[in-house]
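Let's take a friendly walk through this structure together. Please have the sequence and the 3D view ready as you read.

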There are 2 protein chains.
Amino acid sequence: MPQADTKTRILDAAEKLFARDGFHNTSMRGITGLARVNLAAVNYHFGSKDALLLAVIERRIVPLNQIRQEKLQTVLEKAQAAGQPPSARQLLQAFIEPTLAFRSSGPGAEDFIALIGRALSEPDETVRACFIQQVLPIFKLLFAGLHQALPELSDQILLTRLQFTMGAMSHMMCASTRPVLHLPGFPEPLQETEMVAELISFVCSGLEAPC
Amino acid sequence: MPQADTKTRILDAAEKLFARDGFHNTSMRGITGLARVNLAAVNYHFGSKDALLLAVIERRIVPLNQIRQEKLQTVLEKAQAAGQPPSARQLLQAFIEPTLAFRSSGPGAEDFIALIGRALSEPDETVRACFIQQVLPIFKLLFAGLHQALPELSDQILLTRLQFTMGAMSHMMCASTRPVLHLPGFPEPLQETEMVAELISFVCSGLEAPC
DNA sequence: GTCTATAGATTGATAGAC
DNA sequence: GTCTATCAATCTATAGAC
């Protein structure tokens, strides 16, 4: 694809730069330069820099959320059919695996994962609100499922532990493109598949910790 | 203290705004306005905006690291005296508790914790490098201690799980001043002391998960 | 739809009086 | 040390020709 659509080229360039440099440290000139389009094209196609960010996020998060929702619902339905509570591990797998597998879904998807991995710690209210709004339905589904899987935990404790889970997960999503703690004298980071498996084990054990 | 030192007022104002709005979204005029000092004062006292950020971080992280280092070394020495490996829980306590207790160490310390909580996911290389450089010695001490506490884990797995730990911890540090997932229909977040205890339990279980 | 040109605001930094 | 005034660069956004 030597010459994609102008809108697409802008989205791709913005995704890359927002992920790499952060929203406020990315200029329209940087985006249009990388996309090889005219400076005015962003405002023509998207209206503003803020609106462009929303478009960047929504383009990918809608299909991602659909996958996560389907997987979560499959786990919940199978458990219901078997007359048993769902397993915490399967629920977490349904939430986490598609998110990181999404990275291989195409060029730029990697940047996107880093971008939304940072969204939870993003200082800018606009960015965070957009992300949370998009993820909220999935998060509720996960919360309800885990409540059945771990009935001994109070709502408050479960939410707290789920926040730690989100923290560990976002950190891994950020670290994908840019090694965060890869330093001389420390071992090489794991490959992605093993990393995901480790993350799921880690948060499973954490969620199931004794009270 | 109605009128602190000019340098101190600048540091306090910058800390607050960097934590709240992010480094690139904070202007010198915003800082000097809040500090009620002249615009030129920042460059006179610190040289540049970048140098101001370093000063903001170093002012607090040096005493914090000293506390963490002392606590870690106490745990390690007691274990050595008893001829036993240190306990993972005690090591994590020594690392985590002072960090969050630091919030109560004075006005503004809370902002600082949010600031360094976000540092790991910070896109800006300058910010992240400064933070990592400061934390590295403590991190190495923690890594070595956990290696003794959990000898069945390979270096690679231990590092991976320690990264998840840092992720959960940073997320909690960010969330302190600004509720991240506190939404209608969800329970109230825990109080700080209970939250810290929960975090320690969570990451302990995660680190000790079967391979 | 794409371009040039530019408005209009804001930025970090500095020179020089006091 | 603190101030005013300002530079030079950069930013987002838009008007208007093609």
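## Rings, copies and DNA

Over all chains, the count comes to 11 aromatic pairs, where rings of Phe, Tyr and Trp (its six-membered ring) pair if their centres lie within 6.5 Å; planes under 30 degrees apart count as stacked, over 60 as edge-to-face and the rest as tilted. One of these pairs, F186(A) with F139(B), is edge-to-face, at 5.6 Å centre to centre and 65° between the planes. F186(A) lies in the loop between helix 8 (155–175) and helix 9 (192–207) of chain A, while F139(B) lies in helix 7 (residues 125–149) of chain B, so the pair joins two chains. Helices here are DSSP runs (H or I, at least four residues), numbered from the N terminus.

This is a predicted model, in which local features need pLDDT of at least 70, side-chain atom pairs count only at pLDDT 80 or more, and totals for chains, interfaces and linings use all residues. Residues are numbered from 1 along each chain as its sequence is written, chains are lettered from A and ligands numbered from 1 in the order in which they are written, and side-chain values use heavy atoms, with hydrogens and water left out.

Buried means under 20% relative accessible area, exposed over 50%, and partly exposed in between (1.4 Å probe, protein chains only). R20(B), in helix 1 (residues 6–21) of chain B, counts as exposed at 52%.

How are the two chains related? Chain B can be laid on chain A with an RMSD of 0.1 Å by a turn of 180° and a shift of 0.0 Å along the axis, superposing by least squares on the C-alpha atoms of residues with pLDDT of at least 70 in both. The two copies are thus related as by a two-fold rotation axis.

Now for the DNA. Around DNA strand D there are 15 residues, and the closest are M28(A), R29(A), T6(B), N38(B) and H45(B); a residue is near a strand if one of its heavy atoms lies within 4 Å of it. Helix 3 of chain B gives the most to this surface, with 3 residues.

| Side chain | Distance to a phosphate oxygen of DNA strand D |
|---|---|
| S27(A) | 3.4 Å |
| T6(B) | 2.9 Å |
| N38(B) | 3.2 Å |

Definitions and conventions. Polar contact = N/O pair within 3.5 Å; in protein donor to acceptor, adjacent residues only side chain to side chain.
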